[in-house]
Amino acid sequence: MTVAPDLLPLEAIRVVGLAGAGSVGTAWAALLLAHGYEVLFYDPDAQAGTRLKDGVREAWPALRAIYSGLDPLPPLERVGVAATLEDLARGSDLVQENAGESLETKRSVLSTIDAALPANKLILSSSGGVPPSRLQEFCARPERLLLGHPFHPAYLVPLVEVVGGERTREDAVDLAMRFYTALGKHPIRLKKEMVGHLTNRLQFAVLREAIHCLSEGVASADDIDASMRWGLGLRWAMVGPLMTFNLAGGPGGIEQLIDRFRSDVEQWWGALGAPMLTDQVCEKLFAGVRELRHGISNDEWARWRDSALVELLRFRSALPYPADAIQPRQEN
Ligand SMILES: NC(=O)c1ccc[n+]([C@@H]2O[C@H](COP(=O)([O-])OP(=O)(O)OC[C@H]3O[C@@H](n4cnc5c(N)ncnc54)[C@H](O)[C@@H]3O)[C@@H](O)[C@H]2O)c1
(Lines give C-alpha, C1' and ligand atoms only; values in the text may rest on other atoms or scores of the structure.)
Protein backbone atom coordinates (compact mmCIF):
# COMPACT_ATOMS: atom_id res chain seq x y z
CA MET A 1 0.00 0.00 0.00
CA THR A 2 1.42 3.44 -0.93
CA VAL A 3 1.00 6.20 1.62
CA ALA A 4 -0.21 9.52 0.18
CA PRO A 5 2.50 12.16 0.67
CA ASP A 6 1.80 15.31 2.66
CA LEU A 7 0.65 18.07 0.34
CA LEU A 8 2.97 20.98 -0.32
CA PRO A 9 1.77 23.58 2.22
CA LEU A 10 0.29 26.90 1.16
CA GLU A 11 3.34 28.87 2.35
CA ALA A 12 5.60 26.83 0.05
CA ILE A 13 3.52 27.59 -3.07
CA ARG A 14 5.43 30.27 -4.97
CA VAL A 15 5.19 29.33 -8.67
CA VAL A 16 1.75 28.71 -10.10
CA GLY A 17 1.61 26.94 -13.44
CA LEU A 18 -1.14 27.92 -15.88
CA ALA A 19 -1.97 25.27 -18.46
CA GLY A 20 -3.75 27.31 -21.12
CA ALA A 21 -3.48 31.08 -21.35
CA GLY A 22 -6.71 32.10 -23.04
CA SER A 23 -9.18 34.44 -21.36
CA VAL A 24 -9.34 32.52 -18.08
CA GLY A 25 -5.61 31.73 -17.88
CA THR A 26 -4.83 35.41 -18.48
CA ALA A 27 -7.21 36.51 -15.74
CA TRP A 28 -5.60 34.05 -13.28
CA ALA A 29 -2.18 35.40 -14.26
CA ALA A 30 -3.19 38.98 -13.42
CA LEU A 31 -4.63 38.00 -10.04
CA LEU A 32 -1.66 35.78 -9.14
CA LEU A 33 0.81 38.56 -9.95
CA ALA A 34 -1.20 40.99 -7.81
CA HIS A 35 -0.76 38.57 -4.90
CA GLY A 36 2.99 38.16 -5.34
CA TYR A 37 3.10 34.74 -7.02
CA GLU A 38 5.38 33.76 -9.88
CA VAL A 39 3.48 32.62 -12.97
CA LEU A 40 4.63 29.97 -15.42
CA PHE A 41 2.39 29.25 -18.41
CA TYR A 42 2.14 26.86 -21.32
CA ASP A 43 -0.10 27.39 -24.34
CA PRO A 44 0.45 25.94 -27.82
CA ASP A 45 -0.86 29.13 -29.46
CA ALA A 46 2.13 31.21 -30.55
CA GLN A 47 0.19 34.42 -29.78
CA ALA A 48 -0.69 33.37 -26.24
CA GLY A 49 2.27 35.09 -24.55
CA THR A 50 1.54 38.45 -26.15
CA ARG A 51 -2.15 38.08 -25.40
CA LEU A 52 -1.47 37.19 -21.78
CA LYS A 53 0.81 40.15 -21.20
CA ASP A 54 -1.63 42.55 -22.90
CA GLY A 55 -4.47 41.10 -20.83
CA VAL A 56 -2.55 41.50 -17.58
CA ARG A 57 -1.71 45.12 -18.44
CA GLU A 58 -5.38 45.77 -19.16
CA ALA A 59 -6.51 44.17 -15.89
CA TRP A 60 -3.91 45.91 -13.75
CA PRO A 61 -5.65 49.31 -13.17
CA ALA A 62 -8.73 47.50 -11.82
CA LEU A 63 -6.56 45.35 -9.54
CA ARG A 64 -4.73 48.47 -8.31
CA ALA A 65 -8.09 50.04 -7.50
CA ILE A 66 -8.90 47.08 -5.27
CA TYR A 67 -5.52 46.14 -3.79
CA SER A 68 -3.55 49.08 -2.43
CA GLY A 69 0.22 48.99 -2.70
CA LEU A 70 0.52 47.53 -6.20
CA ASP A 71 3.08 49.15 -8.49
CA PRO A 72 1.74 51.20 -11.41
CA LEU A 73 2.87 48.53 -13.89
CA PRO A 74 2.33 44.77 -13.51
CA PRO A 75 5.49 42.73 -12.64
CA LEU A 76 5.57 40.93 -15.99
CA GLU A 77 9.15 39.84 -15.32
CA ARG A 78 7.57 37.29 -12.94
CA VAL A 79 5.82 35.58 -15.86
CA GLY A 80 7.74 32.65 -17.38
CA VAL A 81 6.87 30.53 -20.36
CA ALA A 82 7.26 26.75 -20.39
CA ALA A 83 8.23 25.02 -23.65
CA THR A 84 6.05 21.97 -22.94
CA LEU A 85 3.33 20.89 -20.53
CA GLU A 86 5.88 18.58 -18.87
CA ASP A 87 8.19 21.55 -18.24
CA LEU A 88 5.24 23.49 -16.88
CA ALA A 89 4.46 20.69 -14.42
CA ARG A 90 8.10 20.25 -13.43
CA GLY A 91 8.51 23.98 -12.72
CA SER A 92 5.27 24.58 -10.78
CA ASP A 93 4.22 24.26 -7.14
CA LEU A 94 0.56 24.02 -8.21
CA VAL A 95 -1.11 23.90 -11.63
CA GLN A 96 -4.33 25.67 -12.58
CA GLU A 97 -5.61 24.13 -15.81
CA ASN A 98 -7.47 26.46 -18.21
CA ALA A 99 -7.30 24.72 -21.58
CA GLY A 100 -10.36 24.47 -23.85
CA GLU A 101 -13.47 22.75 -22.49
CA SER A 102 -13.48 19.71 -24.82
CA LEU A 103 -12.98 16.38 -23.06
CA GLU A 104 -10.25 15.42 -25.51
CA THR A 105 -8.25 18.56 -24.65
CA LYS A 106 -8.79 17.98 -20.92
CA ARG A 107 -7.68 14.36 -21.29
CA SER A 108 -4.42 15.17 -23.05
CA VAL A 109 -3.58 18.20 -20.87
CA LEU A 110 -4.47 16.66 -17.50
CA SER A 111 -2.87 13.27 -18.14
CA THR A 112 0.39 14.97 -19.17
CA ILE A 113 0.43 17.27 -16.15
CA ASP A 114 -0.47 14.42 -13.82
CA ALA A 115 2.45 12.32 -15.06
CA ALA A 116 5.01 15.10 -14.53
CA LEU A 117 3.75 16.93 -11.42
CA PRO A 118 4.80 15.37 -8.08
CA ALA A 119 1.90 13.78 -6.17
CA ASN A 120 2.11 16.32 -3.31
CA LYS A 121 1.11 19.20 -5.61
CA LEU A 122 -2.43 20.22 -6.57
CA ILE A 123 -3.99 20.21 -10.02
CA LEU A 124 -6.93 22.62 -10.11
CA SER A 125 -9.15 22.74 -13.18
CA SER A 126 -11.08 25.85 -14.23
CA SER A 127 -13.62 23.74 -16.13
CA GLY A 128 -17.03 25.38 -16.24
CA GLY A 129 -19.04 22.23 -16.63
CA VAL A 130 -17.18 18.91 -16.41
CA PRO A 131 -17.58 17.12 -13.07
CA PRO A 132 -14.17 16.51 -11.46
CA SER A 133 -14.62 12.72 -11.23
CA ARG A 134 -14.76 12.68 -15.03
CA LEU A 135 -11.44 14.60 -15.15
CA GLN A 136 -9.90 12.26 -12.57
CA GLU A 137 -10.30 9.38 -15.02
CA PHE A 138 -7.45 10.97 -17.01
CA CYS A 139 -5.01 10.87 -14.09
CA ALA A 140 -2.90 8.16 -12.47
CA ARG A 141 -2.82 10.19 -9.23
CA PRO A 142 -6.30 11.67 -9.16
CA GLU A 143 -6.46 12.33 -5.41
CA ARG A 144 -4.85 15.80 -5.80
CA LEU A 145 -7.11 16.90 -8.67
CA LEU A 146 -10.18 19.04 -8.10
CA LEU A 147 -12.04 21.93 -9.62
CA GLY A 148 -11.46 25.60 -8.94
CA HIS A 149 -14.01 27.21 -11.22
CA PRO A 150 -13.79 31.03 -11.50
CA PHE A 151 -16.16 33.59 -13.02
CA HIS A 152 -15.40 36.25 -15.56
CA PRO A 153 -13.71 38.66 -15.19
CA ALA A 154 -11.86 36.16 -13.02
CA TYR A 155 -9.40 38.72 -11.63
CA LEU A 156 -12.35 40.71 -10.21
CA VAL A 157 -15.27 38.41 -9.40
CA PRO A 158 -14.47 36.87 -6.00
CA LEU A 159 -16.42 33.63 -6.37
CA VAL A 160 -14.59 30.35 -7.03
CA GLU A 161 -16.40 27.03 -6.87
CA VAL A 162 -14.22 24.37 -5.27
CA VAL A 163 -15.39 20.87 -6.13
CA GLY A 164 -13.70 17.60 -5.26
CA GLY A 165 -14.30 14.41 -7.22
CA GLU A 166 -14.92 10.90 -5.91
CA ARG A 167 -11.21 10.33 -5.46
CA THR A 168 -10.07 13.78 -4.24
CA ARG A 169 -8.45 13.76 -0.81
CA GLU A 170 -10.11 16.05 1.73
CA ASP A 171 -6.90 17.88 2.59
CA ALA A 172 -6.51 18.76 -1.11
CA VAL A 173 -9.91 20.47 -0.98
CA ASP A 174 -8.87 22.25 2.26
CA LEU A 175 -5.65 23.44 0.64
CA ALA A 176 -7.46 24.70 -2.47
CA MET A 177 -9.88 26.65 -0.25
CA ARG A 178 -6.94 28.28 1.55
CA PHE A 179 -5.08 28.95 -1.70
CA TYR A 180 -8.04 30.80 -3.22
CA THR A 181 -8.69 32.70 0.01
CA ALA A 182 -5.05 33.84 -0.07
CA LEU A 183 -5.77 35.11 -3.60
CA GLY A 184 -8.54 37.35 -2.25
CA LYS A 185 -11.24 35.03 -3.59
CA HIS A 186 -14.46 33.92 -1.93
CA PRO A 187 -14.29 30.15 -2.46
CA ILE A 188 -17.37 28.02 -1.91
CA ARG A 189 -17.00 24.31 -1.25
CA LEU A 190 -19.50 22.16 -3.11
CA LYS A 191 -20.55 18.98 -1.35
CA LYS A 192 -21.56 17.10 -4.45
CA GLU A 193 -20.49 17.27 -8.08
CA MET A 194 -23.00 17.92 -10.83
CA VAL A 195 -22.76 18.97 -14.46
CA GLY A 196 -22.43 22.79 -14.41
CA HIS A 197 -21.43 22.63 -10.73
CA LEU A 198 -23.70 25.07 -8.83
CA THR A 199 -23.43 28.59 -10.20
CA ASN A 200 -23.74 27.74 -13.88
CA ARG A 201 -26.84 25.74 -13.00
CA LEU A 202 -28.35 28.87 -11.39
CA GLN A 203 -27.15 31.08 -14.24
CA PHE A 204 -28.49 28.80 -16.95
CA ALA A 205 -31.86 28.43 -15.21
CA VAL A 206 -32.30 32.24 -15.42
CA LEU A 207 -30.90 32.38 -18.95
CA ARG A 208 -33.32 29.69 -20.11
CA GLU A 209 -36.29 31.67 -18.82
CA ALA A 210 -34.94 34.97 -20.21
CA ILE A 211 -34.64 33.41 -23.69
CA HIS A 212 -38.06 31.82 -23.34
CA CYS A 213 -39.66 35.19 -22.44
CA LEU A 214 -37.82 36.93 -25.29
CA SER A 215 -38.87 34.35 -27.84
CA GLU A 216 -42.47 34.42 -26.57
CA GLY A 217 -42.47 38.25 -26.92
CA VAL A 218 -43.14 38.86 -23.21
CA ALA A 219 -40.84 41.93 -23.21
CA SER A 220 -38.00 43.53 -25.17
CA ALA A 221 -34.41 42.41 -24.58
CA ASP A 222 -33.77 45.79 -22.91
CA ASP A 223 -36.64 45.25 -20.49
CA ILE A 224 -35.73 41.63 -19.76
CA ASP A 225 -32.23 42.74 -18.78
CA ALA A 226 -33.70 45.72 -16.88
CA SER A 227 -35.76 43.36 -14.72
CA MET A 228 -32.46 41.97 -13.46
CA ARG A 229 -30.42 45.20 -13.40
CA TRP A 230 -33.04 47.25 -11.57
CA GLY A 231 -34.78 44.48 -9.65
CA LEU A 232 -33.61 40.97 -8.92
CA GLY A 233 -29.93 41.57 -9.59
CA LEU A 234 -29.75 44.51 -7.17
CA ARG A 235 -31.14 42.37 -4.36
CA TRP A 236 -29.21 39.26 -5.35
CA ALA A 237 -25.89 41.11 -5.07
CA MET A 238 -26.71 41.63 -1.38
CA VAL A 239 -28.84 38.65 -0.36
CA GLY A 240 -29.07 35.47 -2.41
CA PRO A 241 -32.22 33.86 -3.84
CA LEU A 242 -32.94 31.78 -0.74
CA MET A 243 -32.68 34.72 1.69
CA THR A 244 -34.68 36.86 -0.77
CA PHE A 245 -37.42 34.25 -0.67
CA ASN A 246 -37.27 34.16 3.13
CA LEU A 247 -37.57 37.95 3.39
CA ALA A 248 -40.55 37.90 1.01
CA GLY A 249 -42.43 36.14 3.84
CA GLY A 250 -42.08 39.18 6.11
CA PRO A 251 -41.62 38.60 9.84
CA GLY A 252 -42.97 35.05 9.43
CA GLY A 253 -40.30 34.35 6.82
CA ILE A 254 -40.05 31.29 4.64
CA GLU A 255 -42.35 29.17 6.81
CA GLN A 256 -45.21 31.64 6.41
CA LEU A 257 -44.52 32.09 2.70
CA ILE A 258 -44.57 28.37 1.98
CA ASP A 259 -47.66 27.92 4.12
CA ARG A 260 -49.51 30.48 1.99
CA PHE A 261 -48.01 30.00 -1.46
CA ARG A 262 -46.75 26.43 -1.72
CA SER A 263 -49.13 25.42 -4.50
CA ASP A 264 -48.71 28.76 -6.36
CA VAL A 265 -44.95 28.32 -6.37
CA GLU A 266 -45.30 24.82 -7.77
CA GLN A 267 -47.72 26.10 -10.41
CA TRP A 268 -45.25 28.82 -11.48
CA TRP A 269 -42.47 26.28 -11.69
CA GLY A 270 -44.70 24.15 -13.88
CA ALA A 271 -45.27 27.14 -16.19
CA LEU A 272 -41.55 27.87 -16.76
CA GLY A 273 -40.34 27.58 -20.33
CA ALA A 274 -37.91 25.05 -21.77
CA PRO A 275 -36.88 26.62 -25.10
CA MET A 276 -34.67 24.85 -27.60
CA LEU A 277 -32.13 26.89 -29.51
CA THR A 278 -33.88 26.53 -32.87
CA ASP A 279 -32.92 28.86 -35.74
CA GLN A 280 -36.06 30.87 -35.04
CA VAL A 281 -35.30 31.29 -31.33
CA CYS A 282 -31.66 32.15 -32.12
CA GLU A 283 -32.77 34.83 -34.62
CA LYS A 284 -34.89 36.47 -31.93
CA LEU A 285 -32.01 36.22 -29.47
CA PHE A 286 -29.50 37.77 -31.87
CA ALA A 287 -31.91 40.60 -32.76
CA GLY A 288 -32.61 41.25 -29.07
CA VAL A 289 -28.94 41.38 -28.17
CA ARG A 290 -28.18 43.69 -31.13
CA GLU A 291 -30.82 46.03 -29.70
CA LEU A 292 -29.25 45.74 -26.23
CA ARG A 293 -25.78 46.68 -27.48
CA HIS A 294 -27.02 50.10 -28.72
CA GLY A 295 -24.12 50.16 -31.23
CA ILE A 296 -21.52 49.98 -28.44
CA SER A 297 -18.81 47.33 -28.97
CA ASN A 298 -18.55 44.30 -26.69
CA ASP A 299 -15.07 45.48 -25.61
CA GLU A 300 -16.54 48.79 -24.47
CA TRP A 301 -19.36 47.00 -22.65
CA ALA A 302 -16.82 44.74 -20.91
CA ARG A 303 -14.70 47.73 -19.86
CA TRP A 304 -17.78 49.46 -18.43
CA ARG A 305 -18.84 46.26 -16.63
CA ASP A 306 -15.37 45.89 -15.09
CA SER A 307 -15.20 49.49 -13.86
CA ALA A 308 -18.70 49.13 -12.38
CA LEU A 309 -17.61 45.89 -10.68
CA VAL A 310 -14.64 47.64 -9.08
CA GLU A 311 -16.96 50.24 -7.53
CA LEU A 312 -19.38 47.56 -6.40
CA LEU A 313 -16.59 45.49 -4.80
CA ARG A 314 -15.27 48.54 -2.93
CA PHE A 315 -18.77 49.28 -1.68
CA ARG A 316 -19.29 45.65 -0.67
CA SER A 317 -15.99 45.41 1.19
CA ALA A 318 -17.01 48.38 3.38
CA LEU A 319 -20.41 46.87 4.10
CA PRO A 320 -20.51 44.26 6.86
CA TYR A 321 -22.64 41.20 6.08
CA PRO A 322 -24.80 40.61 9.20
CA ALA A 323 -24.04 36.89 9.42
CA ASP A 324 -20.27 37.52 9.47
CA ALA A 325 -20.59 39.47 12.73
CA ILE A 326 -22.20 36.43 14.36
CA GLN A 327 -20.19 33.61 12.83
CA PRO A 328 -17.04 34.55 10.93
CA ARG A 329 -16.61 32.58 7.72
CA GLN A 330 -14.82 29.22 8.02
CA GLU A 331 -12.71 28.61 4.94
CA ASN A 332 -12.15 24.92 5.62
N1 LIG B 1 -14.86 31.80 -20.67
C2 LIG B 1 -15.45 31.79 -19.49
O3 LIG B 1 -16.34 32.58 -19.17
C4 LIG B 1 -15.01 30.76 -18.45
C5 LIG B 1 -15.25 31.04 -17.10
C6 LIG B 1 -14.82 30.11 -16.14
C7 LIG B 1 -14.19 28.94 -16.53
N8 LIG B 1 -14.00 28.70 -17.84
C9 LIG B 1 -13.29 27.46 -18.20
O10 LIG B 1 -11.92 27.77 -18.37
C11 LIG B 1 -11.36 26.95 -19.40
C12 LIG B 1 -10.73 27.84 -20.47
O13 LIG B 1 -11.73 28.72 -20.98
P14 LIG B 1 -11.32 30.05 -21.79
O15 LIG B 1 -12.57 30.85 -21.92
O16 LIG B 1 -10.11 30.68 -21.21
O17 LIG B 1 -10.96 29.43 -23.21
P18 LIG B 1 -10.01 30.08 -24.32
O19 LIG B 1 -10.39 29.42 -25.59
O20 LIG B 1 -9.99 31.56 -24.23
O21 LIG B 1 -8.56 29.56 -23.89
C22 LIG B 1 -8.16 28.20 -23.96
C23 LIG B 1 -6.66 28.21 -24.19
O24 LIG B 1 -6.20 26.86 -24.08
C25 LIG B 1 -5.16 26.73 -25.00
N26 LIG B 1 -4.88 25.31 -25.25
C27 LIG B 1 -5.38 24.50 -26.21
N28 LIG B 1 -4.79 23.29 -26.12
C29 LIG B 1 -3.93 23.35 -25.09
C30 LIG B 1 -3.01 22.43 -24.52
N31 LIG B 1 -2.86 21.21 -25.01
N32 LIG B 1 -2.26 22.82 -23.46
C33 LIG B 1 -2.38 24.07 -22.96
N34 LIG B 1 -3.22 25.00 -23.48
C35 LIG B 1 -3.99 24.63 -24.52
C36 LIG B 1 -5.65 27.47 -26.24
O37 LIG B 1 -4.58 27.77 -27.12
C38 LIG B 1 -6.27 28.70 -25.59
O39 LIG B 1 -5.34 29.77 -25.49
C40 LIG B 1 -12.49 26.05 -19.90
O41 LIG B 1 -12.44 24.81 -19.24
C42 LIG B 1 -13.75 26.81 -19.47
O43 LIG B 1 -14.84 25.98 -19.19
C44 LIG B 1 -14.37 29.60 -18.82
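Trainee: Which residues have the most contacts inside the largest nonpolar core?

Mentor: In this predicted model, the residues with the most contacts inside the largest nonpolar core are Leu32, Leu63, Leu122, Tyr155, Phe179 and Tyr180, and the core as a whole has 46 residues.

Trainee: Okay, and where does Gly17 lie, and is Gly17 buried or exposed?

Mentor: Gly17 lies in strand β1, and with a relative accessible area of 0% this glycine is buried. The C-alpha atom of Gly17 is separated by 10 Å from that of Leu122, although the two residues are 105 positions apart along the chain.

Trainee: What about Gln96, how many residues lie between it and Gly17 in terms of separation along the chain, and how many Å separate their C-alpha atoms?

Mentor: Gln96 and Gly17 are 79 residues apart along the chain, while their C-alpha atoms are separated by 6.1 Å. Gln96 itself is part of strand β4, which runs over residues 94-97, and it counts as buried because its relative accessibility is 2%, which falls under the 20% cut-off.

Trainee: Switching to the ligand, which residues come nearest to it?

Mentor: There are 23 residues around the ligand, and the ones that come nearest are Val24, Asp43, Glu101, Lys106 and His152. Sorted by class, the shell holds 11 polar, 7 nonpolar and 5 charged residues.

Trainee: Which elements supply at least two residues of that shell?

Mentor: Those elements are the helices α1 (23-34) and α4 (103-116) and the strand β6 (145-150), with α4 giving the most, 3 residues.

Mentor: A polar side-chain atom of Ser23 lies 3.0 Å from an oxygen atom of the ligand, and a polar backbone atom of Val24 is 2.9 Å from a ligand oxygen. For Lys106, an N or O atom in the side chain is 2.7 Å from an oxygen atom of the ligand. The ligand has 830 Å² of accessible area on its own, and the protein covers 71% of that.

Trainee: Which loop holds His197, and what is its phi?

Mentor: His197 sits in the loop between β8 (186-190) and α7 (199-215), and its phi is near 55°, a positive value in a residue other than glycine. With a relative accessible area of 3%, His197 is buried.

Trainee: And His294, is it buried or exposed?

Mentor: His294 counts as exposed, at 53% relative accessibility. Its phi is near 50°, again a positive value in a residue other than glycine, and it lies in the loop between α11 (279-293) and α12 (298-317).

Trainee: Which residues do the UniProt domain annotations cover?

Mentor: The unreviewed UniProt entry annotates residues 16-191 as "3-hydroxyacyl-CoA dehydrogenase NAD binding", and it annotates residues 196-263 as "3-hydroxyacyl-CoA dehydrogenase C-terminal".

Trainee: How much helix and strand is there over residues 16-191 and over residues 196-263?

Mentor: Over residues 16-191 the chain is 39% helix and 20% strand, with the end C-alpha atoms 26 Å apart. Over residues 196-263 the chain is 76% helix and 0% strand, and there the end C-alpha atoms are 29 Å apart.

Trainee: Last one, where is Tyr321, and how far is it from Ile13?

Mentor: Tyr321 is placed in the loop between α12 and α13 (322-326), and its relative accessible area of 41% makes it partly exposed. Tyr321 and Ile13 are 308 residues apart in sequence, and from C-alpha to C-alpha they are 31 Å apart in space.

Methods: Residues are numbered from 1 along each chain as its sequence is written. This is a predicted model: local features need pLDDT of at least 70, side-chain atom pairs count only at pLDDT 80 or more; totals for chains, interfaces and linings use all residues. Side-chain values use heavy atoms; hydrogens and water are left out. A residue is near a molecule or strand if one of its heavy atoms lies within 4 Å of it. A polar contact is a pair of N or O atoms within 3.5 Å; within protein, one must be able to donate a hydrogen and the other to accept it, and residues adjacent in sequence count only if both atoms are side-chain atoms. Accessible areas come from the Shrake-Rupley method with a 1.4 Å probe; for residues, only the protein chains shown count as cover. Helices (H or I, at least four residues) and strands (E, at least two) are DSSP runs, numbered from the N terminus. Ala, Val, Leu, Ile, Met, Phe, Trp, Tyr, Cys and Pro count as nonpolar, Asp, Glu, Lys and Arg as charged, and the others, Gly among them, as polar. Buried means under 20% relative accessible area, exposed over 50%, partly exposed in between (1.4 Å probe, protein chains only). UniProt positions are given in the numbering used here, feature names are shortened, and annotations may be inferred rather than shown by experiment. A nonpolar core is a set of buried Ala, Val, Leu, Ile, Met, Phe, Trp, Tyr and Cys residues joined through side-chain atoms within 4.5 Å.
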